[in-house]
Number of protein chains: 2
Amino acid sequence: MIPTEVIRRKRDRERLPPDEVRDFVRAYTKGEVPDYQAAALVMAIYLNGLHADELHALTEAMLRSGEVLDLAAIPGVKVDKHSTGGVGDKLSLPLAPAVAACGVAVPMVSGRGLGHTGGTLDKLEAIPGFRVDLEVPRFIAQVRDLGLCLIGQTATLAPADRKLYALRDATATVDSIPLIASSIMSKKLAEGIDALVLDVKVGRGAFMKTEARARELAQTMCAIGQGHGKRVVAYLTNMDQPLGLAIGNATEAIESFEVLKGRGPGDVRELTLVLGAEMLVLGGVAADLADGRRRIGAALDDGAALERMRRCVAAQGGDPRAVDDYGRLPTARRRHDVGARAAGYVTAIDAEGVGVAAMRLGAGRQKKEDAVDPAVGIALAKKLGDPVAPGEPLATLLMNDVGPEPAAALVQAAYCIGPAPPAARPLVLGEIR
Amino acid sequence: MIPTEVIRRKRDRERLPPDEVRDFVRAYTKGEVPDYQAAALVMAIYLNGLHADELHALTEAMLRSGEVLDLAAIPGVKVDKHSTGGVGDKLSLPLAPAVAACGVAVPMVSGRGLGHTGGTLDKLEAIPGFRVDLEVPRFIAQVRDLGLCLIGQTATLAPADRKLYALRDATATVDSIPLIASSIMSKKLAEGIDALVLDVKVGRGAFMKTEARARELAQTMCAIGQGHGKRVVAYLTNMDQPLGLAIGNATEAIESFEVLKGRGPGDVRELTLVLGAEMLVLGGVAADLADGRRRIGAALDDGAALERMRRCVAAQGGDPRAVDDYGRLPTARRRHDVGARAAGYVTAIDAEGVGVAAMRLGAGRQKKEDAVDPAVGIALAKKLGDPVAPGEPLATLLMNDVGPEPAAALVQAAYCIGPAPPAARPLVLGEIR
C-alpha cells in the first residue's frame, strides 16, 4: 500500500481495492501514515464519495482497529439504538430501561454532546454519582444481570474512528454521508450487538437537514450493518422542533423519568414506543410492531421500566432516589422567561437555534474540551401549533453563572409566530429496513 | 481567518475572500496552521479548482512569504524564461547567454531534476567548479555586469511554495493546474523580473500530456503574471520526443555549448531562436520577433553568445575551458548501444520512457535526496522520422556504475518503428500572450 497512490486513486474516482483501504487505515492508526495524508484522502472521499465495497472495507478496518466486544455471555439477541443527534433528544434514557424491562438486552455505548446537540452521557451524569466509564467486564455483567448498561465509548473500541473523527473535525470533512455512516457503524459493530435501531433525525435541528440526505445516510448505514450480518432498521424522525419540552442535562433526565412514569411529553413517549417496539421485534420478544408497542407502553405505564432505570442508576453508582426526588438533581439558581412578542400560533421553532441557546447557557459544548453545567438549560412552554398571547412565555431559561443573553435572543429568534397553526408534520417520516 | 471555515468554503465551491487565502498561507508558513489542514485545503483546491481572484491571492501570498528581489540596480528590462520541464530540455543553457549577449538582462533562478525530467542546475553543475548557490547580492551584481546569472532557488524566495510543494508531493496533489501555476509564478515573481517567457511542454515526456491542458496552464500563468503587472508570454512546445539528442547532465551541457557555437541539433537551436526572440522583444531590444530571431541567430553564429557563457562559467567558479575542451567535463566510462530490432522509420519516441531510462542510469533523481552522476546519460542516434535498419543503434547509453539494464530495455521500448515516417508535428504548437 503506497499512501499517495491510495489518495491519487480516490482523487481520480478510481475504485480502491479493499485491502488498500484496510492497510491505509491500519497504518494511519499506528501513526505510520501521517495526518496530512489521511486529511487529503478524507477530503477526496468527501468530494468523490465511496463505493459500497470501499465503504464496507473502511468500516471493517475501523471496527477491527480495536477491541470487538464479545457479548456471548449474555443470552438472547442484543439490540442497541443509535440516534444521529438532535435537540432535546433524550430518547436513550426512557428507551433502554423500557426495552430491558420487556426482556431484550440493551448494551448501549453513547457519546457526549457537541455544538447544538446534547449527548446521552451528559444527561446521565446529571444524576449524582452516575458513572459512565465502567470497564468492559462490568459493562457485560450488568447487561447480563440487568438487561441494560449505559456507558461511554472506551479507548479500546474503534480507536481508528476516534483518530479519524478528530482529524475530520479539524479539516471540515465531518458532514459526509459515507464518513458519518462508517464512523457510527464501526463503533456500533464493535459493541458486539446483534441488531440495531437507528434514529436518523431530519430537519433544522439535525445534522441531516433534508429528508433525502437523511434517507441516504440511513440506507448507507443499513447496508453496512447488513453487510456485516447484523439486522439494522432505521427510522427517519422529525427534528424540525426540539423533542419534548426540556433541553439541558438534569432537565432532560427529569423529562425522561416522567416518560418512564407513563407521563411526559407526547412526542418523547411516542418515539419511545416506536423505537422500543422495533427493538423488541428485533430482539425476538414481540411478535410484531403492534405487539412491541403494547409491551413498551405497558412497561412505561406499570412502573416496570422505571424500576429498571432505578436499578441501573444504582448499579452505575448513581443515587436511585433522584429518579423520584428531582430535588436531588442539580437545579439552576435562576430562571428567565422569554415572552412572545406577538399574538398568534407557533409556526416554527428552529431547533438548532434553541440548541445553541442551551449551549450558550452552559448546557452544551462549543469545543470538545468544554465542561457542561448539568443544571442549566431551557424549558419550552410552547411547541409547534400552540397559540400564544403577547408577553406569554415561550420558554424559560434555567441559568446559573451565565446571564440570559444571548440565549434569550436566540430563543426569541428561534420561534416564528404566525396567524394560523402550521400543517401538522408526522413525527416519524419513514423507515428503512 | 478560521482554517476549517476556509477549507469548508473551498469544499463547498464557495469563493474564498482574498484576505482569507492570504491569512491561511501566512499562518501555514509560520506553522500555525498544521499540515493536515493545508492538505485538506489543497485536495479541495485540486478537485474544485480556484477562481482567478483566489489564484491571484494564493500566488501573492506565496510570493510575499519570503524575500522579493529588488533588481532596480540592474538597468533595463529584466526577462527570465521558465520551462515546465521535459526530457533533454537544456534550453536555459544556450538561451540565457544568447539573450544576454543581445543586451537583455537574464536573472535566472532554476530548479533541479526530479523523476524523468532533468534540471538546469544539475546540467550546470556538470561543469567542474560551477556554483549555483550564490548569495543574492552577488547574483544581482553578476546580472548587472554580465547580463546573466544562473542560480538555484534560495531559501528566502517563496518559502511558502517550498513548504506547500513538499506537502502536495506527499498528498497526490501536484498535478493541478492552479497549484502548478501559482507555484511557478510565485517563484518567478519573487525574482523581481519585469517579463517572463514560459515554455509549456506538451506531450508524452511532459507533465501536461495534452495540448488542452498545456494551454490551460499557460493561460493561467499568463493571467497571474499580468495580474501582477508583468508581461508574460507562453509558448506551447512539443515534448512528444526528447529535445535534442543528448539526455543527461554533462552531455546536455556539451550539446548546449554546440548550440552556442552555431551548431547543435536543429530543434534545440530552433527553440533557442523562438524563445530568445520573444525575450528580446519583451526586453525592448528587438523591434519584433523577426528582428529578435535574427539577433539571437547572429549571437549564436558569431561567438558572442558562447563568449557570454564562457564568462558566466568563470564568474560562477566554473572552468571556462570546459566550454571548448569537453574532455574537462565528466565522461562516462562505458557505453552501450541500443539497437533497432526491425527495419523501418521511427514513428514515436516515448520521451518519458527515455527520461526514466536516463534516471535509472544515474542522470536523474527518483527522490529529491538522490545524488546524480553528471557523466552518465543517453545519446540518441535516431529521432522521429529517421529511417533505421535492424541492429542499427537507436541510442547509446553512457554508463558508469550502473549497468545497461533496465535502461536499455526502457529505451528499446520507448522507440516505435513503423513502415513509414510519421506526419511531421510542429515544434511550436501555439503561443499565449
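**Terms and the values behind them**

Tutor: Pro406(B) sits in the loop between β11 and α16 (407–414) of chain B. Keep in mind that this is a predicted model.

Student: What makes the peptide bond from Glu405(B) to Pro406(B) cis?

Tutor: Its omega is near 5°, and the bond is cis. Most peptide bonds are trans. Chain A has a cis bond from Glu405(A) to Pro406(A), with omega near 5°. Pro406(A) lies in the loop between β11 (393–399) and α16 (407–414) of chain A.

Student: How do you know which residues belong to the contact of chain A and chain B?

Tutor: Contact requires heavy atoms within 4.5 Å. The contact takes 21 residues from chain A and 21 residues from chain B. About 1,600 Å² is buried between the two chains, and carbon and sulfur atoms give 73% of that area.

Student: Which elements supply the chain A side?

Tutor: α1 (3–11), α3 (35–48) and α8 (159–170) of chain A each give two or more residues to the side that touches chain B. α3(A) gives the most, with ten residues. By class, the residues of that side divide into eleven nonpolar, five polar and five charged.

Student: How many salt bridges cross the interface of chain A and chain B?

Tutor: The rule finds zero.

Student: Why are β1 and β13 of chain B called edge strands?

Tutor: The open sheet has four strands in the order β1-β4-β5-β13 (chain B), with mixed pairing. β1 (79–83) and β13 (428–432) of chain B each have a single partner strand, so one side of each is left without a neighbour in the sheet. The twist in this sheet averages 15° from one strand to the next.

Student: How do you know that β1(B) and β4 of chain B pair?

Tutor: Two strands pair if there are at least two bridges between them. β1(B) and β4 (residues 195–202) of chain B have five bridges, in the parallel sense, so by that rule they pair. Ser83(B) stands opposite Asp199(B) in β4(B).

Student: What is the order of the open sheet with antiparallel pairing in chain B?

Tutor: The order of its four strands is β6-β9-β11-β7 (chain B). Its edge strands are β6 (246–248) and β7 (334–339) of chain B, each pairing on one side only. The twist averages 20° from one strand to the next.

Student: Where does helix α11 of chain B lie?

Tutor: Helix α11 (residues 250–260) of chain B lies across β6 and β11 of chain B, and runs at about 140° to β6(B).

Terms used
Residues numbered from 1 in each chain as written. Chains lettered and ligands numbered in written order. Predicted model: local features only at pLDDT ≥ 70, side-chain atom pairs only at ≥ 80, totals over all residues. Heavy atoms only, no water. Buried area = accessible area lost by both parts, 1.4 Å probe. Salt bridge = Lys/Arg side-chain N within 4 Å of Asp/Glu carboxyl O. Nonpolar A, V, L, I, M, F, W, Y, C, P; charged D, E, K, R; others polar. Axes fitted to C-alpha atoms, helices over the stretch in contact; angles between N-to-C directions.
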